[in-house]
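Please look over the sequence and the structure shown here before reading on.

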Amino acid sequence: MTLAAAEHQAVMWEVRLREDDIGASVLNEFDHWRTAEAANEQAWNALQQRLARIGGTRSRDGLAMARALRTPATERRRALRAAFGLLVLGCGTWGMREGMHGLGLDADWQSAVGERGEGLLADGTPVAFDANSRIYLAGSAQSPRLKLHQGQVLVKSWPQRDEVLTVSTMDGAVVTEGATFNVGKLLERSVVSVSRGSALLRPQLGRPVLVSEGETFYFNGKEAQQTEMPFGAVSAWTRGVCVADRMPLAELLDIFGRYRKGLLRVSGRAAALQISGVFRLEDIERALLQVLDILPVRMQRYGSYLTVFSAA
Amino acid sequence: MSTVSFATAARDQFLGGEFRRSYSWLTASVHRLVGSRNDAEDLAASAFTELAGMEDISHIRQPRALLTTIARRLTYEFWRRRDLEREYLEQLALAPEFSDASPEDICEAIDELLRIDAALQGISAKAREAFILSQFEELGYAEIAARLDVSVSMVRKYMAQALTACCALA
């Protein structure tokens with residue numbers, strides 16, 4: 001903040017006059033400054049008026065003011081950043097794609113928080129999808145395309161044939177001529193795991209990768225990376241369990257959010273902490289306590305809606 | 001002349017449309033945070049009032065993002081007011097000599113408290129504490145320096161920062 005010269009000088013005089021021991025010469029000097037120019041006198045009086053209004057030891061509630069001013073503000077700020085950060089993200093989506101589509105509310109298949117779903121494709125192919133999933137159907141009956149907006153989908157069987165089945169997320173597409181496989185949209189990446197058969201994974205901008213029986217890959221728009229997670233662990237959600245192997249905490253909480261209403265947020269460096277464990281999705285409250293046991297984080301609740309994890 | 005009235009009409013149309021589209025959305029968003037329907041409506045309405053008060057709204061591409069930003073600040077101020085109020089009243093309750101304080105006095109004191117609090121937000125925690133110790137507990141610089149574990153010349157700098165911040169008070 002920049003002040004006019006006289007105001008700045010007034011501040012510096014106030015600082016000086018609060019010194020523990022001021023001699024007569026300093027006071028003389030001060031009087032000299034104050035009377036030297038009308039602007040000085042004015043600036044000085046204005047500052048004194050402000051300080052008088054603020055109060056102090058001479059005002060009888062000075063101590064209560066002091067105590068109140070020491071009330072920490074950081075937790076409030078952090079909670080708001082966490083809560084409204086998500087709202088702004090939502091706004092961005094809203095701006096780009098008008099209305100319902102941005103939130104996936106017009107999806108062909110959608111499941112509510114805490115409720116898994118099942119469906120059949122036009123040719124009778126059975127499909128299961130995770131709680132809070134949004135799936136759009138496109139393509140033809142012979143060669144369907146599933147766009148996974150959010151959540152996870154398990155294609156229980158697509159027997160070998162000439163036509164292909166495609167499941168895509170914003171990170172890339174998985175194409176198969178015959179496979180049983182699982183595709184999930186995670187917080188900042190996607191995952192594909194093949195139980196039987198094989199599939200071709202095409203990241204949005206990267207090189208295609210063949211995913212063979214028993215293999216699992218994480219992928220984002222640019223690249224795919226193989227992981228040792230077995231199919232059974234990736235598709236454990238079908239049995240109400242989440243298996244995490246060195247998973248970023250933010251990603252795990254995003255998965256928990258499919259089973260629990262309200263916002264689960266993680267702030268700052270806690271977001272990148274990696275966690276491993278087996279969590280029951282039917283009892284998220286307990287799973288949250290498990291997280292507290294495993295990682296050096298603390299959890300704070302703001303009402304029933306917002307829960308924030310931060311580094312301990 | 002005609003351009004002015006056209007601009008005004010477009011502005012009213014924009015604000016009216018945005019209000020219809022976003023008021024209940026914003027109220028619901030804030031409601032989850034503050035817990036009370038009435039408070040949420042107040043905060044959402046204040047956010048719209050600020051939006052309506054903006055000089056140039058023709059360049060606003062994402063009104064909801066802007067409303068969210070305004071609502072965040074208002075919610076913070078709302079929470080902060082409640083926190084400060086609670087702490088202040090608790091302290092007053094401990095001091096019997098305040099039993100005669102009128103509600104108007106208390107309200108005024110809390111308003112002032114919020115203004116100081118806002119002014120002191122821009123400086124460091126130590127500078128803030130140095131000012132509180134000097135202003136409200138009347139400690140000397142040597143004592144403040146010892147408490148904050150800094151040099152006396154640092155305390156002077158803190159005091160200059162805090163007093164400069166106070167000059168911004170209306």
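## Basis of the report

This is a predicted model, in which local features need pLDDT of at least 70 and side-chain atom pairs count only at pLDDT 80 or more, while totals for chains, interfaces and linings use all residues. Residues are numbered from 1 along each chain as its sequence is written, and chains are lettered from A and ligands numbered from 1 in the order in which they are written.

## The two chains

Chain A has nine helices and 16 strands, where helices (H or I, at least four residues) and strands (E, at least two) are DSSP runs numbered from the N terminus. Of its 312 residues, 35% are buried; a residue is called buried if 20 or more other C-beta atoms lie within 10 Å of its own, exposed if 12 or fewer, and partly exposed in between, with C-beta atoms placed from the backbone. Two residues are in contact if their C-beta atoms, placed from the backbone, lie within 7 Å, and among contacts in chain A with a separation of 6 or more, residues 24 or more positions apart account for 42%.

Chain B has seven helices and zero strands, so that from the N terminus on its elements run α-α-α-α-α-α-α. Buried residues make up 29% of the 170 residues in chain B, and 59% of its contacts between residues at least 6 apart in sequence join residues at least 24 apart.

## The nonpolar cores

A nonpolar core is a set of buried Ala, Val, Leu, Ile, Met, Phe, Trp, Tyr and Cys residues joined through C-beta atoms within 7 Å. The largest one holds 37 residues, of which B:Leu113, B:Ala130, B:Phe131, B:Met159 and B:Ala162 touch the most other members. At least two residues of this core come from each of H1 (5-17), H3 (38-54) and H4 (62-69) of chain A, and from each of H3 (63-94), H4 (103-120), H5 (125-136), H6 (141-148) and H7 (152-167) of chain B. The largest share, eight residues, is supplied by H7(B). Apart from this core lies another, of 30 residues, which include A:Val127, A:Phe181, A:Val183 and A:Phe219.

Leaving aside residues up to four places away in sequence, B:Leu113 touches A:Met65, A:Ala68, A:Leu69, B:Leu84 and B:Tyr88. In H4(A), the residues A:Ala64, A:Met65, A:Ala66, A:Ala68 and A:Leu69 are buried, and what covers the buried residues of this helix includes H3, H4 and H5 of chain B. B:Ala109, found in helix H4 of chain B, is buried, with 21 other C-beta atoms within 10 Å.

## Helices of chain A

H2(A), residues 24-36, packs with H3(A) at an angle of about 110°, their axes 5 Å apart. Axes here are lines fitted to C-alpha atoms, for helices over the stretch in contact, and angles run from 0 to 180 degrees between N-to-C directions. The two helices are therefore roughly perpendicular, a term for angles of 65 to 115 degrees. A:Trp33, A:Arg34, A:Thr35 and A:Ala36 of H2(A) make the contact with A:Asn40, A:Glu41 and A:Trp44 of H3(A).

In H9(A), residues 284-294, the buried residues are A:Ile284, A:Ala287 and A:Val291. Seen down the helix axis, they fall within an arc of 55°, so they line one face of H9(A); the arc is that of the directions from the helix axis to the C-beta atoms. The face turned away from this buried side carries the exposed residues A:Glu285, A:Arg286, A:Leu289 and A:Asp293.

Note on methods
Parallel < 35°, antiparallel > 145°, perpendicular 65-115°, else oblique.
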